[in-house]
There are 4 protein chains.
Amino acid sequence: MLPFANDYSRGAHPKVLQALVDTNLEAQPGYGQDAYTKRAAQKIQTACQLPDASVFFISGGTQTNQVVISNLLDDDEGVVAADSGHINFHEAGSIEYTGHKVLTLPGVNGKVTAKNLQAYLTDWQADENHGQMVAPGVVYISFATEVGTLYSKQELADLAQVCHQHHLPLFMDGARLGYGLMSPANDLTLADIAKYCDVFYIGGTKVGALAGEAVVFTKHNVPKRFTTKIKRQGAMLAKGRLLGVQFDALFTDRLYFKISQHAIDLALKLKRSLKDKGYHLLVDSPTNQQFIVVNNTQLAALKQHVDFSFWENVDATHTAIRLVTSWSTTEAEVDALIALL
Amino acid sequence: MLPFANDYSRGAHPKVLQALVDTNLEAQPGYGQDAYTKRAAQKIQTACQLPDASVFFISGGTQTNQVVISNLLDDDEGVVAADSGHINFHEAGSIEYTGHKVLTLPGVNGKVTAKNLQAYLTDWQADENHGQMVAPGVVYISFATEVGTLYSKQELADLAQVCHQHHLPLFMDGARLGYGLMSPANDLTLADIAKYCDVFYIGGTKVGALAGEAVVFTKHNVPKRFTTKIKRQGAMLAKGRLLGVQFDALFTDRLYFKISQHAIDLALKLKRSLKDKGYHLLVDSPTNQQFIVVNNTQLAALKQHVDFSFWENVDATHTAIRLVTSWSTTEAEVDALIALL
Amino acid sequence: MLPFANDYSRGAHPKVLQALVDTNLEAQPGYGQDAYTKRAAQKIQTACQLPDASVFFISGGTQTNQVVISNLLDDDEGVVAADSGHINFHEAGSIEYTGHKVLTLPGVNGKVTAKNLQAYLTDWQADENHGQMVAPGVVYISFATEVGTLYSKQELADLAQVCHQHHLPLFMDGARLGYGLMSPANDLTLADIAKYCDVFYIGGTKVGALAGEAVVFTKHNVPKRFTTKIKRQGAMLAKGRLLGVQFDALFTDRLYFKISQHAIDLALKLKRSLKDKGYHLLVDSPTNQQFIVVNNTQLAALKQHVDFSFWENVDATHTAIRLVTSWSTTEAEVDALIALL
Amino acid sequence: MLPFANDYSRGAHPKVLQALVDTNLEAQPGYGQDAYTKRAAQKIQTACQLPDASVFFISGGTQTNQVVISNLLDDDEGVVAADSGHINFHEAGSIEYTGHKVLTLPGVNGKVTAKNLQAYLTDWQADENHGQMVAPGVVYISFATEVGTLYSKQELADLAQVCHQHHLPLFMDGARLGYGLMSPANDLTLADIAKYCDVFYIGGTKVGALAGEAVVFTKHNVPKRFTTKIKRQGAMLAKGRLLGVQFDALFTDRLYFKISQHAIDLALKLKRSLKDKGYHLLVDSPTNQQFIVVNNTQLAALKQHVDFSFWENVDATHTAIRLVTSWSTTEAEVDALIALL
């Protein structure tokens with residue numbers, strides 16, 4: 001089977017795994033106090049051009065969203081997100097588990113727009129009953145979004161400006177940050193993201209690691225006693241080195257960016273081919289997720305040879321599916337997929 | 001000022017208050033074990049034509065929704081509601097506080113329709129990723145709704161059928177149940193509601209009581225150790241008699257229904273007058289809440305003499321407002337309001 | 001039956017109930033914005049000799065403890081209490097419901113001592129693993145305590161000093177505050193309590209009201225958007241006047257203190273009599289709760305004529321029971337009880 | 001520095017890491033649906049002699065305790081534990097975070113005894129106020145305990161009997177299960193544990209894995225939709241294979257038991273030597289944690305060469321410390337430590 005269902009079907013990039021092997025028998029302190037975690041944090045500060053950023057490592061994306069958002073919110077606040085936001089659908093209510101509402105805005109190509117956010121915040125302020133409503137407390141965006149799209153530098157700057165006017169931290173879910181950054185359609189640098197976002201995370205699980213996301217607080221805004229809170233939420237690994245060693249490897253010799261570039265090159269090769277073959281693209285995605293519509297005959301045929309994701313029913317005879325490349329996809333796999341389509 | 005802002009601006013119906021006076025110095029057990037609470041429960045069972053219903057008394061509507069819904073849901077479940085549902089907007093995130101998501105369907109005149117619910121449940125079942133999504137666990141409706149509309153008997157029967165097919169309890173928020181039942185547009189009896197709903201509450205705060213809602217479990221479906229759970233959620237009064245005595249009075253000589261009828265008669269007199277005067281009615285409400293659009297000049301003039309509720313901005317020069325009658329509204333007040341409009 | 005089981009078996013003091021009757025048909029704003037709530041708050045500020053105290057009214061004691069404590073604590077903090085503290089036993093886990101641990105110290109006659117608190121805080125600071133432990137965030141005490149005892153002025157001052165050194169707010173549960181204040185053994189004034197405590201509440205449910213506790217924040221330390229948080233926790237009454245009117249009456253002409261004095265006078269008459277008759281007093285309580293040991297024969301006999309509370313099994317043939325007076329106890333009832341004992 | 005501070009200072013056992021290397025580039029389904037996770041579960045079923053046990057893999061111990069306990073408890077229930085239980089102290093309030101109280105019994109050498117549990121449950125049942133108290137819902141024990149001690153087969157059988165009489169699931173925290181099982185003082189098999197416990201976990205983080213604990217439900221008692229609940233609590237890894245592959249290796253050729261044996265052999269060599277040298281052992285531990293008292297001079301000297309854990313202050317001049325061996329400790333390290341002591 002050709003593995004295009006998602007970007008987490010293989011283990012770690014070989015260099016990342018090798019780093020685990022190389023450091024395996026060193027005794028190191030637990031709970032993120034090891035030398036590799038510290039070194040990874042420094043490398044990320046450097047990559048972000050923000051030496052005083054604070055960096056924490058958490059095992060997975062849902063957990064990271066849960067821990068970060070719940071600790072940024074005051075008790076009666078909720079998190080503003082696009083209705084298509086991952087936290088609103090596919091995280092099993094993990095934000096509500098922490099006692100907070102996801103306040104949804106209509107997504108525009110998967111994005112929260114500055115205009116929609118401004119309108120929402122203005123209406124909320126004007127509502128005489130807002131004392132009986134959940135207050136907006138954080139703005140959540142994804143880069144790349146759940147449908148593969150990107151915020152432009154201007155869009156992100158505009159959004160950040162609205163957030164900061166209203167004293168709302170802007171949090172970016174970067175589960176696929178590498179794939180977003182390396183898209184030819186992207187005009188943002190990692191330093192730009194660190195500048196505009198109050199908090200964001202650099203996704204590892206989908207970009208070369210066995211597990212792990214690097215959370216970056218950019219504005220001296222780490223929640224008080226944050227590591228205790230991480231522990232309380234069950235999100236602290238005893239062997240924090242597992243995450244530190246991997247990110248240390250990912251941020252050595254730009255590995256994170258190189259392997260992301262590889263996935264993007266293959267995704268765009270696939271996209272060009274899909275267009276050439278006349279497939280309807282559900283979204284014009286410049287990143288590693290491509291969404292196409294197939295009829296039921298095609299669907300059945302593909303299932304024999306390809307692992308892909310069901311996306312949504314289009315009509316009685318058509319289905320939208322998702323095809324995903326990753327750092328581990330090979331050109332041969334893409335070519336084989338193209339031949340099948 | 002003419003009091004049309006809401007249906008909770010005055011104290012209790014004089015007969016209800018008199019019952020508190022009459023019983024005041026009797027020593028009674030606490031925590032809902034008193035004789036009046038028991039008698040009120042029995043009267044409600046009788047009124048519902050359901051002798052084995054279980055009845056509990058809770059101080060207010062938000063608290064009742066919170067306690068009932070959270071105890072009906074399994075941990076990973078959410079409550080399905082119309083997007084206009086009170087629990088989704090004006091209860092300050094009290095459902096999310098308990099760890100559960102409000103799963104919204106587009107309201108149709110403030111109502112959840114059987115068709116929309118069926119479509120949502122079918123899609124949810126069909127979604128291959130639903131293991132990573134919040135599962136529907138309870139269906140929440142309001143009667144009368146937040147915009148004053150009513151479910152017909154057929155609509156409620158259809159909704160109940162969909163719920164029961166999917167093993168979802170149907171819960172009715174009856175904060176304004178009396179006003180719904182006594183509307184000439186209504187074809188449901190209290191017994192019908194007890195038949196179709198798995199749980200519902202009979203609102204007291206807005207219908208003649210100082211505080212109190214009577215929750216009715218109709219299907220031998222009281223959560224295990226429910227009173228302990230009520231206590232844990234801070235919702236147990238030491239002097240449960242405060243609620244029991246009031247509901248005992250409200251369900252003596254049909255007081256609850258008579259005072260609701262009074263409010264409806266006045267609301268419909270007002271509605272007819274508003275129509276005659278050419279006001280645009282935002283919703284065709286057959287109950288005690290009426291919604292009209294006024295221009296800014298009218299708005300400013302009204303504010304001098306009338307307490308009403310802001311509802312929403314219509315455009316730069318028009319505003320929708322809400323006018324509400326209650327058991328305590330006098331005909332003179334309605335006439336004065338009509339004269340002003 | 002003679003009603004000595006608790007201090008909440010009757011309704012409201014007649015003057016309190018009359019105030020509800022007198023104001024019943026006035027239209028007032030909801031949610032605590034009514035004139036009576038404001039007036040009650042002012043009278044309490046005056047009684048506390050603290051014009052800039054902030055006063056909120058909540059329906060019951062468990063709910064008040066839950067709302068106040070959870071909103072004073074940071075997410076990873078717990079509340080320090082005596083092991084006999086009401087929040088640790090008889091509130092059904094309502095603090096844990098909000099996500100926080102009750103950190104217990106051994107009670108000394110039901111009290112947290114400055115010495116024990118200081119030792120605990122010193123040890124906690126010194127523990128190298130305290131980053132993996134719940135941090136102390138609030139200190140909870142009761143006055144009178146659950147066993148009827150009182151903090152002296154010196155004890156409270158010492159405790160407050162330790163709290164403030166460690167930046168821990170001191171919160172007093174005053175469910176029985178009136179009974180504590182009016183004991184001849186007490187040397188604290190209401191103003192002293194307002195001075196030493198960061199937050200405390202003046203209990204109404206057990207001291208003359210149908211329901212209601214008045215929470216006093218004394219140090220400009222009201223949680224941000226506190227009313228929204230109260231609403232979210234289900235603790236906001238639509239008809240806030242129910243509480244405001246009652247406290248307005250209780251703080252008119254020192255009613256709160258006079259009716260507390262009445263209960264204390266009767267409790268101490270009972271206590272003298274118990275001592276004279278040779279009963280073993282489990283605790284030397286100077287307030288309205290008296291604890292005695294009876295043998296099983298006495299127990300069975302008493303049950304025929306008296307409502308009292310089971311306290312604890314002493315041995316196979318002896319049981320400790322609790323006898324409680326209140327504002328509503330009559331001298332005739334006390335005399336009848338004495339005659340029976 | 002000699003690494004005796006804990007049992008998680010090194011990476012994974014080389015065979016475990018090799019398994020990750022060997023399987024790294026295979027494409028596998030996510031979220032625990034991969035072939036290795038399934039195979040590991042089967043091997044654990046076999047090792048437990050319980051083919052219909054259900055096995056789940058979670059990243060760490062605190063998270064496992066949190067997820068398992070919260071999903072076994074009804075909303076108003078708490079978990080019974082020894083006061084020395086890990087969940088009561090060093091997990092940062094992670095149980096309370098889920099809304100539940102830890103109900104403590106005095107530990108006897110770190111253990112909950114059947115006698116103490118029976119007495120507590122009998123008292124709870126007899127307490128007339130238990131409707132206002134947290135109900136016991138799960139019994140939590142550790143094996144080996146936090147102080148290195150073990151339950152005998154008889155002790156465990158007795159405890160299980162009390163639990164089952166009261167319909168309370170018995171849950172064993174097996175963070176150090178391997179070290180407990182391989183102690184010469186132990187008379188329990190893994191199959192015994194599976195027989196007596198309703199749920200337990202086989203610790204990986206401290207016994208050869210980079211991360212991971214294997215939770216075993218032994219009585220067809222998996223919570224409904226457990227994987228969704230795990231996801232909601234942030235405890236689901238996208239690459240579940242990370243845990244599955246490691247446990248597959250640990251349960252191949254009895255690796256888990258062999259490496260545990262190694263740690264025990266070295267711990268007991270150390271213990272004998274400590275005794276010979278006249279050190280006071282704080283606890284008579286037959287497992288991989290040894291607790292000794294040193295004076296301040298010794299303490300300062302040791303700190304130069306050994307990583308150990310502070311345990312508690314004994315008096316002004318003495319401190320108790322913890323020395324821990326693991327699968328990765330070498331005989332040379334133990335010999336060097338002995339030479340230093």
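Buried area is the accessible area (1.4 Å probe) that two parts lose on being put together, summed over both. The legends below describe a predicted model, in which local features need pLDDT of at least 70 and side-chain atom pairs count only at pLDDT 80 or more, whereas totals for chains, interfaces and linings use all residues. Residues are numbered from 1 along each chain as its sequence is written, chains are lettered from A and ligands numbered from 1 in the order in which they are written, and side-chain values use heavy atoms, with hydrogens and water left out.

**View 1. The interface of chain A and chain D.** Between them, chain A and chain D bury about 3,800 Å², of which 60% lies on carbon and sulfur atoms. Tyr97(A), Arg232(A) and Lys239(A) supply 20% of the area that chain A buries against chain D, more than any other three residues. The contact (heavy atoms within 4.5 Å) takes 43 residues from chain A and 43 residues from chain D.

View 2. The largest share, four residues, comes from H1(A). By class, the side of chain A that touches chain D has 19 nonpolar, 17 polar and seven charged residues, where Ala, Val, Leu, Ile, Met, Phe, Trp, Tyr, Cys and Pro count as nonpolar, Asp, Glu, Lys and Arg as charged, and the others, Gly among them, as polar.

**View 3. The interface of chain C and chain A.** Here 18 residues from chain C and 18 residues from chain A take part in the contact, and the two chains bury about 1,600 Å² between them, 37% of it on carbon and sulfur atoms. Eight salt bridges are counted between chain C and chain A, and the side chains of Asp74(C) and Arg225(A) meet in a salt bridge at 3.8 Å, N to O. The count of residue pairs in polar contact, both at pLDDT 80 or more, is 14. Helix H3 (61-72) and helix H10 (226-232) of chain C each supply at least two residues of the side that touches chain A, and H10(C) gives the most, with four residues. That side of chain C divides into three nonpolar, six polar and nine charged residues.

**View 4. The relation of chain C to chain A.** A rotation of 180° with 0.0 Å of shift along its axis superposes chain C on chain A, with an RMSD of 0.0 Å; that is the relation of a two-fold axis. The superposition is by least squares on the C-alpha atoms of residues with pLDDT of at least 70 in both copies.

How values were computed: Salt bridge = Lys/Arg side-chain N within 4 Å of Asp/Glu carboxyl O. Polar contact = N/O pair within 3.5 Å; in protein donor to acceptor, adjacent residues only side chain to side chain.
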